[in-house]
Amino acid sequence: MEHAPKAIDVTNDVEMRTFNFFTMGIDGHPLGLHLDMAIPTILNNADEEQQKDWLPKAANREFIATYAQTEMGHGTNLKKLETTATYDPKTQEFVLNSPTITSTKWWPGNLGKSSNYAVVMAQLYTQGKCHGAHPFFVQLRDLNTHKPLKGITVGDIGPKFGMNTVDNGFLQFDHVRTPRRSMFMKHAKVLPDGRYVPPVHDKLNYSAMVFIRAAIVSGMAYHLLVTSTIAVRYSAIRRQGEITPGAGEVKVLDYQTQQHRIFPQLARGLAFRLSGQYIMKLYTQTMDDIRNGDISAVPDLHALSCGLKAVTTHHAALGLEQCRMACGGHGYSQASGFPLHYSVAVGACTYEGENMVMLLQTARHLMKIAKAIRAGQSPKSNKIVDYLFHKGPPKCLIDQAYDTNYRNVLESFEHLARRQTLEVYDKLVQLQQQGRNYEQAWNDCAVELCKATRAHVRTFLARTFVEEIDKISDLSIKSVLQDLLQLYLYYEVTECATGLLEDGFMTGQQHKYAKKKIYEALEKIRPNAVSIVDSFDFQDRELHSVLGRRDGNVYENLLKWAQSSPLNKTDVLPFHHKYLGKMMEEARQRSKI
Ligand SMILES: CCCCCCCCCCCCCCC/C=C/C(=O)SCCNC(=O)CCNC(=O)[C@H](O)C(C)(C)COP(=O)(O)OP(=O)(O)OC[C@H]1O[C@@H](n2cnc3c(N)ncnc32)[C@H](O)[C@@H]1OP(=O)(O)O
Ligand SMILES: Cc1cc2nc3c(=O)[nH]c(=O)nc-3n(C[C@H](O)[C@H](O)[C@H](O)COP(=O)(O)OP(=O)(O)OC[C@H]3O[C@@H](n4cnc5c(N)ncnc54)[C@H](O)[C@@H]3O)c2cc1C
């Protein structure tokens, strides 16, 4: 028995995540922040000695930690966080303090009731000088009693839009002392005498956020693929109305409008999946580079992860809602699973950086590239942004028969991203020449800056999709995925048609051509739609949906589901005669008088 394998190796990240996911569902659990943010912070921000101490215990779940950064008053603008960590060289401790109500940490997942440790972001003061927000690893609760330690006030922030299985919390420090070595010291350090040693790059402290932003892309793919699975399966069961009079009621999936509602979500889900894999690899590579002292890829990773996070979460939110509406009345029932999936997915539009703010971060990067282009510089062999330096064709060519591997469609996306980026850059420069300072000019251009990011991210998603499908060697699989690729690309063309038509790059005829290619793709996808979603192999317990059941027994299970509602435990509710019954009885008596 000594050598019998354990059912789950809790120190194995993949095993743990899979186990948690299937046992605790998709709306979060007490270990979420521990696994997704605290451990990545230890891995990337703790020095060797700290890792040796903290990592095995964290992996073994000897404590549960969260990531406490956001405050009641500030989430986006990290420079204005108010929690302070003031170094006291006499005792070699930091004093953590929450000086105002607005400095109360607010939102950290699993802080409310589960965690006994936290990565706390606080303004670091030493030798009388503030060095900005830095992470500290702080014990919050007693390891035996689980009661808050002295000087710490902590609790749950109450019910939310969704994810109510996560205990998001609040936290205040009243001059709480913590050892010098509780500061994460891989990058920045405070020496025992209080001298501050700066990091090689001052945003390396933010790596846990970069990790989650990258992970969110695959997360959004998951949500979209799950909800399109529900919508496709249900639409293949639901019969309503006739296409040919007298020929009998059709499956609603046969309606072109239904396909146009659902299939693009399926295609986007796949596109996000492929780009999600790409960005995760880029993250791992960049973290390895940082370990080897090379920080050159940090800005590229930051820019791409912010843009992808914002675009994929926004499109997932819109797509999930389309899937819900595609399921008619039953889509509005909790039995559909949509309320759960929607409320979880839309949280990602906000957490890890509000989407507009993230779009603007990517735009900062694009503006630097535009500046280099306007200065006549050459590209720097960066696969993601080099296209911005090149001159594309002067006219759109999407309707040319020789569009091998969609080069002409990709060039259209590139054209729009290039034009939008350079135009907004020129406007920024012009406004400054007219006397606006940079920040004011930036705000005057903010909507256009966001458009530049969206166009750039669209280009990246499309190129990745094309390249990944091109690699597939199994021709039967490739052909099905090519139909989804066709739909994806032409759907995106129509989504950004205003931008392509605005400068006369694309003609009205070409826009019509794109629409024709969409309708053609819908027709090709229809016969394979159910097999495509079945191939994702989601388990029913992941879908949480009566409508999306693999066996298709929707109606009989919908009735069972309704009958199992707590309201149906008795035919007459116990308080019926006290209120509604009494009201009706009294009304009847009055009308008799
Ligand atoms: C299977 C089911 C699916 C589930 C789906 C999802 C899967 C994923 C897991 C889900 C987990 C769910 C749990 C959710 C937990 C949520 C946690 C949180 O929300 S934690 C808190 C997150 N908070 C934020 O994101 C705050 C947003 N704000 C910022 O990041 C920054 O303040 C800012 C980027 C807006 C601005 O940075 P700042 O330094 O304050 O100022 P500047 O604008 O002047 O920037 C200076 C300079 O630095 C660059 N920069 C900024 N950040 C980074 C970075 N991370 N890396 C590299 N560089 C960075 C910035 O671009 C500027 O560059 P410059 O050269 O000057 O242009
Ligand atoms: C479900 C959930 C889980 C979370 N989990 C955690 C956690 O575990 N740990 C943690 O520390 N935090 C967590 N958070 C907090 C989250 O990271 C922040 O709420 C998020 O970063 C947004 O910041 P904010 O709330 O300050 O929004 P605000 O910045 O106040 O946003 C309000 C509006 O102002 C706009 N805005 C703000 N600044 C700018 C700007 N510079 N330019 C243009 N527009 C701007 C925004 O676009 C938005 O429209 C969580 C939040 C949620 C919803």
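Helix α4 makes the greatest contribution to the shell around ligand 1, supplying seven residues. The model is predicted, and its chain contains 19 helices and 11 strands. The points below describe the two shells, the annotated positions and the chain as a whole.

**The shell around ligand 1**

- The shell around ligand 1 comprises 31 residues, of which Tyr206, Gly219, His302, Tyr351 and Gly353 come nearest.
- At least two residues of this shell are supplied by each of α2 (32–45), α4 (207–237), α6 (298–326) and α9 (355–374).
- In terms of residue class, 15 members of the shell around ligand 1 are nonpolar, 11 are polar and five are charged.
- Domain 1 (13–196) and domain 2 (208–377 + 409–470 + 479–531) each provide at least three residues to the shell around ligand 1.

**The shell around ligand 2**

- Around ligand 2 there are 22 residues, and those that come nearest are Gln69, Thr70, Gly75, Thr76 and Trp107.
- Two or more residues of the shell around ligand 2 come from each of β1 (65–68), α8 (338–350) and α9.
- This shell divides into 10 nonpolar, 10 polar and two charged residues.
- The shell around ligand 2 also draws on domain 1 (13–196) and domain 2 (208–377 + 409–470 + 479–531), with at least three residues from each.

**Positions annotated as "binding site"**

- An unreviewed UniProt entry places the feature "binding site" at Thr70 and Gly109.
- These positions span 40 residues in sequence, yet their C-alpha atoms are not more than 10.7 Å apart, so they gather at one spot.
- Thr70 is located in the loop between β1 and β2 (84–88), and Thr70 is among the residues that come nearest to ligand 2.
- Thr70 is partly exposed, having 19 other C-beta atoms within 10 Å.
- Leaving aside residues up to four places away in sequence, Thr70 touches Gly75, Lys105, Trp106, Trp107 and Pro108.
- Gly109 belongs to the loop between β4 (105–106) and β5 (117–126).
- Gly109 counts as buried because 26 C-beta neighbours lie inside 10 Å, the cut-off for a buried residue being 20 or more.
- The contacts of Gly109, again not counting residues up to four places away in sequence, are Gly28, Gly32, Leu33, Thr66, Val166 and Asn168.

**The annotated N-terminal region**

- Residues 20–64 carry the annotation "domain: Acyl-coenzyme A oxidase N-terminal" in the unreviewed UniProt entry.
- Over residues 20–64 the chain is 69% helix and 0% strand.
- The end C-alpha atoms of residues 20–64 are 14 Å apart.

**The chain as a whole**

- A compact globule of 593 residues would have a radius of gyration near 25 Å, and the 27 Å of the chain agrees with this.
- The C-alpha trace spans about 90 × 85 × 70 Å along its principal axes.
- Of the 593 residues in the chain, 42% are buried.
- Among contacts between residues at least 6 apart in sequence, 72% join residues at least 24 apart.

Methods. Residues numbered from 1 in each chain as written. Chains lettered and ligands numbered in written order. Predicted model: local features only at pLDDT ≥ 70, side-chain atom pairs only at ≥ 80, totals over all residues. Near = placed C-beta within 6 Å. Helix = DSSP H or I, 4+ residues; strand = E, 2+ residues; numbered from the N terminus. Nonpolar A, V, L, I, M, F, W, Y, C, P; charged D, E, K, R; others polar. Domains from an automatic or database assignment. UniProt positions renumbered as here; feature names shortened; annotations may be inferred. Rg over C-alpha atoms; globule rule 2.2 N^0.38 Å. Buried ≥ 20, exposed ≤ 12 C-beta atoms within 10 Å, placed from the backbone. Contact = placed C-beta atoms within 7 Å.
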